[in-house]
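Welcome, and please take a moment to look over the model below.

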Amino acid sequence: MSKPNDPSSGAEPLRLSPVSYVVLGVIRLRGPSTSYDLKRAVGRSIQYFWPFPHSQLYVEPNRLAEAGLLSCEQEAEGRRRRLYALTEAGKDALDRWLGSGTEQVFELRDMALMQLFFSADLRPDQLRDLAEGQVRFHRQRIATLEEIAGNTGEFAGQNRMLPLDLGLRLARTYVDFWSDVAEEQSG
């Protein structure tokens, strides 16, 4: 029997989304996982640089299992949880994606920057309040990321920790930027 992602099946190839790769990648890192396990792992890692609705982690594994990229074992009794594991086809799909590079432009969705863009009619004190609020927010984010960095244990020095370093650098840049905005409104 051919799989949906098998070109010989005549079916359209399975389209993998960023969430597909999150599921495949997290299962490769942590081993067989339930959707709840995926949600917890993403909440402690990927959410800091790739936010998305975690409800997708309850739908996407089924889709990937139907395509043969994951295997699925369901408990016979109790909560009847499903445990997903990476298949060889799933490993191959993840490896192809990891080796493909990307030409996507960095996506920035920042409500405070949108507010700044439309702030022409704000009083200086209102704009200063916005900027100072952002400085506080990003300093708290730095504290959170530094705490995570201090608890990486066995993962310290691994490539998967590099996004944490970039997150810290970006948060520090935000503090500098918003501090400058606040200072300009004080003068």
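The report below starts with the overall fold, then turns to salt bridges and a surface patch.

**Overall fold**

Please keep in mind that this is a predicted model. The chain holds seven helices and two strands, arranged along the sequence in the pattern α-α-α-β-β-α-α-α-α. How far does the chain extend along its principal axes? The C-alpha trace spans about 70 × 40 × 35 Å. The radius of gyration is 21 Å, whereas a compact globule of 187 residues would have one near 16 Å.

Of the 187 residues, 29% count as buried. The chain exposes about 12,900 Å² of accessible area, and carbon and sulfur atoms supply 52% of that surface. Taking contacts between residues at least 6 apart in sequence, 57% join residues at least 24 apart.

**Salt bridges**

Side chains of opposite charge can pair when their charged atoms come close. In this model the count comes to nine salt bridges, and the table shows some of them.

| Salt bridge | Closest N to O distance |
|---|---|
| D95 and R28 | 2.9 Å |
| E60 and R63 | 2.9 Å |

Let's begin with D95 and R28, which form a salt bridge. D95 sits in helix α4 (residues 88–98) and R28 in helix α1 (residues 18–30), so this pair ties together parts that are 67 residues apart in sequence. D95 is partly exposed, at 41% relative accessibility, and R28 is partly exposed too, at 35%.

The bridge between E60 and R63 is set within one helix: the two residues are three apart in helix α3 (residues 56–66), separated by about one helical turn. Is E60 buried or exposed? E60 counts as buried, because its relative accessibility of 8% falls under the 20% cut-off.

**A nonpolar surface patch**

Which residues form a nonpolar patch on the surface? They are V105, F106, L108, L166 and L170, with about 530 Å² of accessible area together. L170 has its place in helix α7 (residues 162–186). With a relative accessible area of 35%, L170 is partly exposed, and it qualifies for the patch on that count because patch residues need over 30%.

Note on methods. Residues numbered from 1 in each chain as written. Predicted model: local features only at pLDDT ≥ 70, side-chain atom pairs only at ≥ 80, totals over all residues. Heavy atoms only, no water. Patch = residues over 30% accessible without salt bridge, like charges linked within 9 Å, V, L, I, M, F, W, Y side chains within 5 Å. Areas by Shrake-Rupley, 256 points an atom, 1.4 Å probe, with all protein chains shown as cover. Salt bridge = Lys/Arg side-chain N within 4 Å of Asp/Glu carboxyl O. Helix = DSSP H or I, 4+ residues; strand = E, 2+ residues; numbered from the N terminus. Buried < 20%, exposed > 50% of the residue type's maximum accessible area, 1.4 Å probe, protein only. Rg over C-alpha atoms; globule rule 2.2 N^0.38 Å. Contact = heavy atoms within 4.5 Å.
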